[in-house]
Amino acid sequence: MIAVDPSATKDYVTFLLTQEEPRPPITWRNWWSEVYWERLVVMIIMPLCTFVAAYYTPLYANTAIWTMVYYVVSGLSITAGYHRLWAHRSYNATRTLEFCLAVLSAGAFQGSIIWWVRGHRAHHRYTDTDLDPYNARRGFLWSHIGWIFIKPRRAHGKVDISDLKRNDIVIWQLRYYPWLVLAMAIALPSLVAGVGWGDWKGGCVYAGFIKVVIIQHTTSFVNSLAHWLGDTPFDDRITAREHFFTALLTLGEGYHNFHHEFPMDYRNAIKWYQYDPTKWLIWLCSKVGLASHLKTFPENEINKGLLTMELKRLRKKQDELVWPQDHLPVVDWKSCKCSRSQSFPLLCIGGFIHDLEGFMDEHPGGEALLRKYIGKDASAAFLGGVYNHSNAAHNLLAMKRVGVLRGGVPHVTEEKHIPPSQLLRVAHVQELSNQEAY
Ligand SMILES: [Zn+2]
Ligand SMILES: [Zn+2]
C-alpha cells in the first residue's frame with residue numbers, strides 16, 4: 001500500500017485508486033469465480049425463461065393493458081422513489097408516500113433501496129472513473145448490464161448513506177425485500193389478472209416477469225443510453241447526455257446531462273414540453289400534500305451552465321478562423337515605405353499601417369478615392385469622415401495590418417480600433433491573466 005496524503009494530491013480519485021490493488025484480469029481460467037451467479041440468473045437466465053413462457057402464453061387485451069399500467073406504476077416508484085427521493089433527496093415525501101414507493105418499487109425487482117442508492121451515489125460522486133460502478137467509459141454493455149453480474153476490478157467508491165440507515169421505512173424494506181419482491185413482482189400482478197378476468201398465467205408471465213425484465217432494462221438505459229446518445233448542453237466533460245428517446249424509455253430520466261449537473265433538482269426536464277412523467281408525478285404529489293420541499297436549482301445558475309457550453313462552441317468556431325496578426329513591428333512611416341517599393345499602397349488608420357496591395361481595384365468606393373489617401377492617415381475618412389464603414393470593412397482592414405506607426409496617435413476612441421469580430425471575442429482565463437502573451 002502506498003501512503004499518500006490526499007490533501008497533497010490534485011486528483012482524489014487517482015489517490016483512492018492507488019490505495020487498493022485491482023482484482024486480477026478476467027481470463028478463461030478464472031471467469032467462473034468473477035461472476036455474481038445469482039445476479040446472472042436474474043439478469044440473463046430468468047429473462048430467457050420468461051420469453052419462452054411468453055411464447056406459450058396467449059396475451060389477452062386486459063392483461064396487456066394491466067401489464068402496461070403496472071409497468072408504469074413500478075417504473076415510477078423507481079424513478080420517483082429510488083432515484084429522486086432516496087438517492088438524491090430532491091423532495092420530501094410523507095410517510096404514506098414513502099411507504100407506498102418502498103412497497104411498489106419491489107415490483108421492479110432492482111435490489112433494495114440501500115443497495116441501489118449506494119451504487120447510484122457512487123455513480124454521481126465518481127462519474128466516468130473506475131470508482132463509478134457503471135462507468136460509461138468502459139463501454140455500453142458494461143454500463144448497461146455487465147456491471148451487475150461481473151465483479152468489478154475495483155470496489156465502488158465510498159459514499160455516505162447514513163441518512164438511509166436512519167430511515168425506518170428503508171430498513172424495513174431491506175429486511176423484508178425477498179418477500180416484498182414475491183408479493184409485488186409476481187403475486188399481485190397474477191392476482192389482479194386472475195381475479196379480474198381469469199388470466200392467472202398471463203398475469204404472472206406478462207404483468208409479472210415480462211414487466212420485470214422490461215423495467216430492469218429501461219432503468220439500465222439510464223446508465224448506458226443516457227451516457228451515450230444525445231447532446232451535452234450543460235457540460236461536455238462528462239459522458240452524461242440528453243435525448244428525448246432515452247427520456248421516453250425511462251419515464252423522463254433521459255435529460256441526464258442536466259441531471260448530472262444539478263442532481264438534487266427534482267426535475268430532469270426543465271422545459272414544460274419535455275417528457276418527464278416522474279417530475280409530473282412528484283409535482284402532483286406536492287399538490288395533494290404527499291410531497292413537499294421540491295428542490296430546484298436557481299434559473300440563473302442553470303442558464304450559466306447553458307451559456308458556458310454556448311461560449312465553448314463559439315470559442316471552437318473562433319479558433320477555426322484566421323485573425324489579424326497580434327505582434328506587429330513598430331515602425332516609422334519613412335522606414336516602412338523604404339522597406340518596400342515606393343509604389344506600395346500603404347495607408348494609416350487608427351495608428352496601424354495597412355498594406356492595400358491587391359485590394360485597390362476591389363474597393364467598393366472605387367480605386368480613385370482610395371488612392372487619394374495612400375501614404376497618409378485615413379482614420380477620419382475611414383471612420384465616417386467620408387464613409388462610415390461596415391463591420392465587414394473593419395474586419396477586412398484589420399487583416400491588412402503590417403505595422404504599428406511609431407508615434408501614431410489614434411484619432412478615435414480605443415473601441416473603434418478593435419474590429420467588430422473581435423470586440424466580443426471569447427477569451428480563456430489564461431489569456432486574461434496573461435495579457436502580454438496575447
Ligand atoms: Zn449517469
Ligand atoms: Zn441520479
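I270 lies in the loop between helix 12 (256-261) and helix 13. Helices here are DSSP runs of H or I with at least four residues, strands are E runs of at least two, and both are numbered from the N terminus. This is a predicted model, in which local features need pLDDT of at least 70, side-chain atom pairs count only at pLDDT 80 or more, and totals for chains, interfaces and linings use all residues. Residues are numbered from 1 along each chain as its sequence is written, and chains are lettered from A and ligands numbered from 1 in the order in which they are written.

I270 is partly exposed, because 17 other C-beta atoms lie within 10 Å. The cut-offs are 20 or more such atoms for buried, 12 or fewer for exposed, and partly exposed in between, with C-beta atoms placed from the backbone. I270 touches F258 and I302, leaving aside residues up to four places away in sequence. Contact means C-beta atoms, placed from the backbone, within 7 Å. F359 is 89 residues from I270 along the chain, and their C-alpha atoms are separated by 52 Å.

Now the overall layout. The chain is divided into domain 1 (12-308) and domain 2 (330-434). These bounds come from an automatic or database domain assignment. Over C-alpha atoms, the two domain centres are 62 Å apart.

UniProt, in an unreviewed entry, places "transmembrane region" at residues 36-56, 68-87 and 176-197. Its positions follow the numbering used here, feature names are shortened, and annotations may be inferred rather than shown by experiment. Residues 68-87 are 100% helix, with end C-alpha atoms 26 Å apart. Residues 176-197 are 95% helix, and their end C-alpha atoms lie 30 Å apart.

Next, the packing. The largest nonpolar core has 43 residues, and Y82, W86 and V117 are among those with the most contacts inside it. Such a core is a set of buried Ala, Val, Leu, Ile, Met, Phe, Trp, Tyr and Cys residues joined through C-beta atoms within 7 Å. Helix 3 gives the largest share, 10 residues. V117 touches Y82, W86, A87, I161 and L164, again not counting residues up to four places away in sequence. A second, separate core of 12 residues includes I349, F352, L356 and L405.

Finally, the strands. Strand 4 (residues 346-349) and strand 5 (residues 352-355) pair antiparallel over 4 bridges. Pairing requires at least two DSSP bridges. The two strands form a hairpin with 2 residues between them, and G350 in the turn has a positive phi of about 60°. I353 in strand 5 is the bridge partner of C348. In strand 6, G403 is the bridge partner of I353.

Note on methods:
Contact = placed C-beta atoms within 7 Å.
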